[in-house]
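Dear colleague,

I am passing on the structure that follows, together with some notes on what came out of going through it. Please read the notes with the coordinates open beside them.

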Amino acid sequence: MKRAALMLALNLAFGIAVALIGQQVVYAQRATDPRVADLIQTGKVRVGLGVVAPHWAVKDPATGELRGVAVDIARALATRLGVELVMVEYPSPSRVPDGLKVGAWDVGFLAVDPSRAAVVDFAPPHMQVEATYLVPADSSIHNIADADQPGVRIAVARKGVEEIVLSRTIKRAELRGVETISAGFELLRTGNVDVLAAPRPALLQSSARLPGSRVLEDRFHATFGAMAVPKGQVGRLAYISEFIEEANASGVVQRAIERAGVRGVQVAPAGNPSTR
């Protein structure tokens, strides 16, 4: 019996050792990947993200800890690289490109739009997010078309994909650019605009703070969220693209969405919609 127990213990120890060695080999293989050699050498990956809503990132008011879909994916990337994760915060995803001017981040999370192709290259999308309107309780606006009328004031975050899309499609209503979704919500709450345009998850969150308000059922756009790298970094883009395709296929992204508890968000459909 003692001998059997000893053999069992030795086998267990051997198995653990093999697993650890295997893990070290995996990290060694990743560490020698020339596409991300610069990140490995610095020992960290700096990830730019907008702290605005749980499908991107939000901050716990009690602990200050960041959480959200982008945060979980960023952690998975850092684990794959075997380096420290440094999160570089911005008030919205539309402000993430500002960091390119000073080289503030290595990888960023952005909504895909061709207008950004001059400054970043996108990996395949990892999530699809609906964009729609939030209106107050007494609003006569019941669908997207109702809002495009003279005298209707629509608040939308500046430089965001929602503003880009609406600036192309709105013909009669007035667009009012705001710095953040929160700023737009305050204008709606105080009656200084009639509509707030934003991704559905953010609007559902805001609606809970404005009794009687409604998030419209239809949408004016479906945005793809993707990881991006500074323009021209071909090797890093290839590595990040490979990582996100694995994350989509393996359920990492789906679990991140479920963990964040967001509605109006789904894993980007297979086939890698164009990021150009």
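What covers the buried residues of α7? The cover includes β7 (127-135), α6 (181-189), β10 (195-199), β11 (214-215) and β13 (265-267), where buried means under 20% relative accessible area, exposed over 50% and partly exposed in between, with a 1.4 Å probe and protein chains only.

Before going further, please note that this is a predicted model, in which local features need pLDDT of at least 70 and side-chain atom pairs count only at pLDDT 80 or more, while totals for chains, interfaces and linings use all residues. Residues are numbered from 1 along each chain as its sequence is written, and side-chain values use heavy atoms, with hydrogens and water left out.

**Overall**

The protein has nine helices and 13 strands, these being DSSP runs numbered from the N terminus, with helices (H or I) of at least four residues and strands (E) of at least two. Of its 276 residues, 47% count as buried. The accessible surface comes to about 13,300 Å², and 56% of that belongs to carbon and sulfur atoms; the areas come from the Shrake-Rupley method with a 1.4 Å probe, and for residues only the protein chains shown count as cover. Among contacts (heavy atoms within 4.5 Å) between residues at least 6 apart in sequence, 70% join residues at least 24 apart.

Helix α7 (residues 200-207) is largely enclosed by the rest of the structure, because six of its eight residues are buried. Those six are Arg 200, Pro 201, Ala 202, Leu 203, Ser 206 and Ser 207.

Two of these residues, Pro 201 and Ala 202, are also among the contacts of His 55, which is found in the loop between β1 (44-50) and β2 (58-59).

**The nonpolar cores**

A nonpolar core is taken here as a set of buried Ala, Val, Leu, Ile, Met, Phe, Trp, Tyr and Cys residues joined through side-chain atoms within 4.5 Å. In the largest, which has 71 residues, Val 45, Leu 77, Phe 109, Tyr 133, Ile 154 and Met 227 touch the most other members. Helix α3 gives the most to this core, with eight residues. A second, separate core of 12 residues includes Val 112, Val 120, Phe 122 and Ala 228.

Ile 73 lies in α3 (residues 69-81) and counts as buried at 0% relative accessibility. Beyond four places in sequence, Ile 73 is in contact with Phe 109, His 126, Met 227, Phe 243, Ile 244 and Val 253. Ile 73 and Ala 247 are 174 residues apart in sequence, yet their C-alpha atoms are 8.0 Å apart in space.

**Asp 121 and other sites**

Asp 121, in strand β6 (residues 120-122), counts as buried at 8% relative accessibility, and its side chain reaches the backbone nitrogen of Gly 232 at 3.0 Å.

Val 156, in strand β8 (residues 153-157), is buried with a relative accessible area of 1%, and its C-alpha atom is separated by 7.0 Å from that of Ile 181, 25 residues apart along the chain.

Finally, a charge is said to sit over a ring if NZ of Lys or CZ of Arg is within 6 Å of the ring centre and within 35 degrees of the ring normal. The charged end of Arg 80 sits over the ring of Tyr 239, 4.7 Å from its centre, and that of Arg 209 over the ring of Phe 185, 4.3 Å from its centre.

With best wishes

Terms used:
A polar contact is a pair of N or O atoms within 3.5 Å; within protein, one must be able to donate a hydrogen and the other to accept it, and residues adjacent in sequence count only if both atoms are side-chain atoms.
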